[in-house]
Amino acid sequence: MKKTFSTAWKSSKAPRKQRKYIAKAPLHIKRKFLSAHLSKELIKKYHRKSLPVRSGDVVKVARGQFKKTKGKITSLNLKKTKVYIENIHITKKDGTKAFYPIHPSNLIIQDLNLDDKERKKILDRKKVEEKKK
């Protein structure tokens with residue numbers, strides 16, 4: 001079994017190959033795995049279903065023990081493909097609180113952080129493509 005990442009791989013039904021692709025992917029590709037669906041209002045506004053999450057985005061948890069909880073993203077972990085949200089903590093046995101990691105597929109983006117110029121370009125690019133059609 002190869003240890004390096006292959007960009008030639010397209011798809012496979014084998015779960016072990018899918019897991020290997022995700023595990024061996026370099027960080028610039030893992031960044032795209034941190035995508036979450038947009039809310040219905042944002043889908044109508046920006047004409048796209050999902051975007052990669054960023055710190056500062058307001059999200060709502062759709063699955064898991066923190067379902068229906070809203071909060072702002074504080075940090076991202078690219079290597080583990082996890083997101084940390086400000087209102088979501090677990091209490092450890094010694095009484096300290098720790099952020100609870102959530103996979104971005106279980107989130108719905110409610111409000112976007114548009115401070116970055118690059119993100120605005122991504123959203124505007126989609127609008128331009130729609131007008132050409």
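This briefing walks through the fold, the core, the aromatic rings and a few individual residues of the structure above. The model is predicted, so local features need pLDDT of at least 70 and side-chain atom pairs count only at pLDDT 80 or more, while totals for chains, interfaces and linings use all residues. Residues are numbered from 1 along each chain as its sequence is written, and side-chain values use heavy atoms, with hydrogens and water left out.

**Overall fold**

- The protein chain has four helices and eight strands; here helices (H or I, at least four residues) and strands (E, at least two) are DSSP runs, numbered from the N terminus.
- Read from the N terminus, the elements follow the order α-α-β-α-β-β-β-β-β-β-β-α.
- The C-alpha trace spans about 60 × 45 × 25 Å along its principal axes.
- Residues 24 or more positions apart make up 44% of the contacts with a separation of 6 or more, where contact means heavy atoms within 4.5 Å.

**Surface and charge**

- Of the 133 residues in the protein chain, 25% count as buried; buried means under 20% relative accessible area, exposed over 50%, and partly exposed in between, with a 1.4 Å probe and protein chains only.
- The protein chain exposes about 9,800 Å², and carbon and sulfur atoms supply 51% of this area; accessible areas come from the Shrake-Rupley method with a 1.4 Å probe, and for residues only the protein chains shown count as cover.
- There are 40 positive and 11 negative charges, and their mean positions are 11 Å apart.
- Lys and Arg count as positive and Asp and Glu as negative, while His and the chain ends are not counted; the place of a charge is taken as NZ of Lys, CZ of Arg, CG of Asp or CD of Glu.

**The nonpolar core**

- The largest nonpolar core has 19 residues, of which Val53, Val61, Val83, Ile85, Leu107, Ile109 and Leu112 touch the most other members.
- Strand S1 (35-38), helix H3 (40-46), strand S3 (58-61), strand S5 (82-85) and strand S8 (107-111) each supply at least two residues of this core.
- A nonpolar core is a set of buried Ala, Val, Leu, Ile, Met, Phe, Trp, Tyr and Cys residues joined through side-chain atoms within 4.5 Å.
- Leaving out residues up to four places away in sequence, valine 83 touches Leu34, Val53, Ile73, Ser75, Leu76, Tyr100, Pro101, Ile102, Pro104 and Leu107.

**Aromatic rings**

- Rings of Phe, Tyr and Trp (its six-membered ring) pair if their centres lie within 6.5 Å; planes under 30 degrees apart count as stacked, over 60 as edge-to-face and the rest as tilted.
- The count comes to five aromatic pairs, and ring pairs link Phe5, Trp9, Tyr21 and Phe33 into a cluster.

**Residues to look up**

- Histidine 47 has a positive phi of about 60 degrees although it is not a glycine; this histidine 47 sits in the loop between H3 and strand S2 (50-52) and is partly exposed at 40% relative accessible area.
- Lysine 68, also not a glycine, has a positive phi near 70 degrees; lysine 68 lies in the loop between S3 and strand S4 (70-77) and counts as exposed at 66%.
- Aspartate 124 belongs to helix H4 (residues 117-132), and its C-alpha is 8.2 Å from that of tyrosine 46, 78 residues apart along the chain.
- Histidine 103 is in the loop between strand S7 (97-99) and S8, and beyond its neighbours within four places in sequence, histidine 103 is in contact with Thr81 and Lys82.
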